[in-house]
Amino acid sequence: MECDDYQRAALRTARDKDAPDEFMHLVLGLVGEAGEIAEKVKKLVRDHDSDLAMLDRDDMAAELGDVLWYAAVLASFVPAWVHIIFGVSFAALGSVSPRLGSWYSARRLKAMGS
Ligand SMILES: [Mg+2]
């Protein structure tokens, strides 16, 4: 599945983009899901001496999926598809492949009207 496929699927389960306060709802949802991850890690630190072997990986994967869902839907509010945002993220990490880098540059130039 490509990331824009994922975004389209996420948008099918999202509220209408024009619903009242939808942007704020999504931002708060994203922060809430990140908070759920922090809470689970806090309990891992408090109760299990930060032993990652004690981490419920399925539960963490579900929470990360929730974060991904909010990020994908939020991305629909900016004039870029989620794969462009992923491209920015890859580039920021210095891990963008030459192929993706040139694809991303072409898309960015096109979006800027160049
Ligand atoms: Mg959750």
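Visitor: How are H2 and H3 oriented to each other, and why?

Guide: Helices here are DSSP runs of H or I, at least four residues, numbered from the N terminus. Axes are lines fitted to C-alpha atoms over the stretch in contact, with angles from 0 to 180 degrees between N-to-C directions. Angles over 145 degrees count as roughly antiparallel. In this predicted model, the axes of H2 (residues 22–48) and H3 come within 9 Å and cross at roughly 160°, so H2 and H3 are roughly antiparallel.

Visitor: Which residues of H2 and H3 make the contact?

Guide: Two residues are in contact if their C-beta atoms, placed from the backbone, lie within 7 Å. On H2, the contact includes Leu-26, Leu-30 and Ile-37; on H3, Met-60, Tyr-70 and Val-73 are among them. Leaving aside neighbours within four places in sequence, Val-73 touches Ala-10, Leu-11, Ala-14 and Leu-26.

Visitor: Which residues of H3 are buried?

Guide: Buried means 20 or more other C-beta atoms within 10 Å of a residue's own, again placed from the backbone. In H3, that holds for Trp-69, Tyr-70, Ala-72, Val-73 and Ala-75. Across the 114 residues of the protein, 9% count as buried.

Visitor: How many helices and strands does the protein have?

Guide: Strands are DSSP runs of E, at least two residues. The protein comes to 5 helices and 0 strands.

Visitor: What about the numbering and confidence limits?

Guide: Residues are numbered from 1 along each chain as its sequence is written. Because the model is predicted, local features need pLDDT of at least 70 and side-chain atom pairs count only at pLDDT 80 or more, while totals for chains, interfaces and linings use all residues.

Terms used:
Buried ≥ 20, exposed ≤ 12 C-beta atoms within 10 Å, placed from the backbone. Parallel < 35°, antiparallel > 145°, perpendicular 65-115°, else oblique.
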